[in-house]
Amino acid sequence: MYKNIDEKLQFTNRIKAVEAGVRLRLRPSYDPREGTLIDPIPTDGRNPFADVFEEMPDAPYVIVLAHAIVRSWLDTPCVIYPYEAVVGITRPTYAIMEHFHWGVEPYYWEITEERGYDVKKESDRVSALSKRLAPVPYLDPYFEELVRSDPETMALVDEKRYQEIEKAHMYGAGGYQGHTLPNYVTLLTNGLDGMLEIIDKYAAINAKDQETADFYEANRIIARGMIAHLEKYAAYAKELAEKEPNPLQKRYYQEIAENCAYVAHNKPKTLYQAVQLAWILSLWDWVDCIGRIDQFFLPFYEYSKEHGDVISVEESVTSFMFKIWECGSHNSTLGGCHPEDGTDATNELSYLFLQVLRNIHDSHPRMVVRVAEDTPKELTDLMIKIWSEGMCDPTVVSDTTVIPGLLNYGVTLEDARNYATLGCQEIEIPGKCNTGCEDGSFNLAKVFEIAMLGGKSPANPEYQLGPVTKTFVECETFEEFYENFKTQLRYFTEIHLFLCRKGQECRAANHAKLLKGLFTDGCLEKGIPHDAGGPIYGYGVVETAGLAATADSMMAIKKLVFDEKRISKEALVAMLKANFEGYERERQMLLNGVPKFGNDNAEVDALAVDILDF
């Protein structure tokens, strides 16, 4: 019934009331919708991270961090909005918070009188704790502090060279990184009490030293904190029920209390129980990326359809979707294939989630559908209908491209079939990876520009930024220029990857993904934190930009300058300096007279592949 493209899914009166409340609370359309610093309640001067770090000055860092994360959630007052069934709000933006990209960070700009702080007192307090907040000092995305202080880094790239690299806008190395998919299946299969048993099991095997023992204890603290969070909501809902005069709302509060109390300790059976437990993990994970929701919720959906539930399956799914809609979830994945045999995995939930997305009709929640040759026509028809109504989502990812690509990286066939998308459409194996958002971004086109200048800095032509090679004008053949480009590419790639590795070391030391590691296969089994090599698949990711522009530029030079000699080297350099002002004829020749990447031209496509392979 969810396949119907002619009529939209009809929400129940309860869900319509919840939707009305969400729309009133949504951030304005001109504000960024991604990210969960939405401040549903005021801070009222609270700073739970500072409290914990002051109270535990001598405790191991990872233990203090775990307690601080838990305190930040338990110090956040409970909020249950009228009519809603799934509960839990994001934290307000405290003056210090953890995040999965670097670890603990001070948010100095949030220390204001409006937020209830004595500005000078709280700023001084946070500054005094700054060295304690992370074992490796917080590094900004440009690594200036690292370049100045680390001998290994200074041996490869001194401060002046790094500053010039930054001026050239070549790359951000070691920059923002962190999106990974926790294993929701692990949580829903075992429950939180079951997670404590798993921690104890592997601690007994691996905790042979104090550092490892502390790591396992930190995971226990996190799991117990999530239990306490659910228990707190259960108690609050019960208290509201006792005071509520409206019989219907009273019943809702009672159902919430019973649901939260149950999943605080027990693994879920029904869909309502599953979505509440999954939402708590999503909250603690910054409402980041959620993975294959139509797959891991399916057993609970089928149970509730067969045995009944406290609320309908449509209300459970919609309640979950409304939560991630309000809070800015980065991504969820639908469709695809079964990991075991590769057959199509589309199910009723795939259609139901899309129908809810269709009703919401907003830029969020972000949603992706995996497609292949055997994707049901009804699913593609529903997607096309949603697009025709003005939606940009769902986006589409092809199994026929992604799965073979993952196999080339050594991912097992079953895991490759189980991939999901996250962040800005990165590919990851749910609950098994540390391959999320980029360790850095690398601009191939900028390397091309530097090669044109013989290794000189585009921002400072007097400075030799890369190796000394012939300038473009000095090269006598295309092959000579192309080899010079490869020399520059090799040099800057080495620096870039070195700095990306330094970023991973920083995140590992700061236990940036402590929560994610609890729900990532390999971390508990090995006793190794997430960024230190715990996950099954741990290779990094570099976002390479400018490939098409570089390949097109190379082909233009080869064809028009060296092969056909229709433009001289000196003339091309003059055109570039003038940004083609006064050279419209030549600009049109370059635009339309040369094969372009992606237009099924074997020569330029082969050139692009060669650049990447190099």
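Is C337 buried or exposed? I looked it up and found C337 buried, at 5% relative accessibility. Here buried means under 20% relative accessible area, exposed over 50%, and partly exposed in between, with a 1.4 Å probe and protein chains only.

**Ground rules**

I note that this is a predicted model, where local features need pLDDT of at least 70 and side-chain atom pairs count only at pLDDT 80 or more, while totals for chains, interfaces and linings use all residues. I number residues from 1 along each chain as its sequence is written, and side-chain values use heavy atoms, with hydrogens and water left out.

**Entry: C337**

I placed C337 in the loop between β5 (331-335) and α15. Helices (H or I, at least four residues) and strands (E, at least two) are DSSP runs, numbered from the N terminus. I listed the contacts of C337, leaving aside neighbours within four places in sequence, and they include R292, D344, R370, D399 and R417. Contact means heavy atoms within 4.5 Å. I also checked V371, which is 34 residues from C337 in sequence and 8.6 Å away in space, C-alpha to C-alpha.

**Entry: cores**

I then looked for nonpolar cores, meaning sets of buried Ala, Val, Leu, Ile, Met, Phe, Trp, Tyr and Cys residues joined through side-chain atoms within 4.5 Å. The largest has 125 residues, and I222, W284, F297 and L354 have the most contacts inside it. Helix α9 (residues 210-243) supplies the largest share of this core, 14 residues. A second, separate core has 46 residues, among them V157, F485, F498 and L547. In soluble globular proteins, nonpolar side chains tend to be buried together.

Not counting residues up to four places away in sequence, F297 touches L188, L271, A274, V275, A278, F320, L349 and F353.

**Entry: helix α13**

I went through α13 (residues 298-307) and found L298, F300, Y301 and S304 buried. Seen down the axis of α13, the buried residues fall within an arc of 165°, so they line one face of the helix. The arc is that of the directions from the helix axis to the C-beta atoms. What do the buried residues of α13 pack against? I found α8 (184-206), α11 (271-284), α12 (293-296), α14 (313-327) and α15 (348-360). E306 and H307, on the other side of α13, are exposed. G308 follows α13 and has a positive phi, near 85°.

Most residues other than glycine have a negative phi, and most peptide bonds are trans. I looked for departures. The peptide bond from H364 to P365 is cis, with omega near 0°, and P365 lies in the loop between α15 and β6 (368-371). H361 also lies in the loop between α15 and β6; this residue is not a glycine, yet has a positive phi of about 50°. I noted H361 as partly exposed, with a relative accessible area of 36%.

D393 and P394 are joined by a cis peptide bond with omega of about 5°. P394 is in the loop between α16 (377-388) and β7. D39, in the loop between α1 (13-25) and α2 (48-55), is not a glycine but has a positive phi of about 50°.

**Entry: surface patch**

I found a nonpolar surface patch of about 270 Å² made by I384, W387 and V396. Patches are made of residues with over 30% relative accessible area and no salt bridge: like charges are joined within 9 Å, nonpolar side chains (Val, Leu, Ile, Met, Phe, Trp, Tyr) within 5 Å. Accessible areas come from the Shrake-Rupley method with a 1.4 Å probe; for residues, only the protein chains shown count as cover. V396 sits in strand β7 (residues 395-398) and is partly exposed at 41% relative accessibility.

**Entry: salt bridges**

How many salt bridges does the structure hold? I have 37, each a side-chain nitrogen of Lys or Arg within 4 Å of a carboxyl oxygen of Asp or Glu. E603 pairs with K558, the closest N and O atoms being 3.3 Å apart. E603 lies in helix α26 (residues 602-613) and K558 in helix α23 (residues 547-563), so the pair ties together parts that are 45 residues apart in sequence. E603 is partly exposed at 43% relative accessibility, whereas K558 is buried at 18%.

R23 and E19 form a salt bridge at 3.1 Å, N to O. These two are four residues apart in helix α1, separated by about one helical turn.
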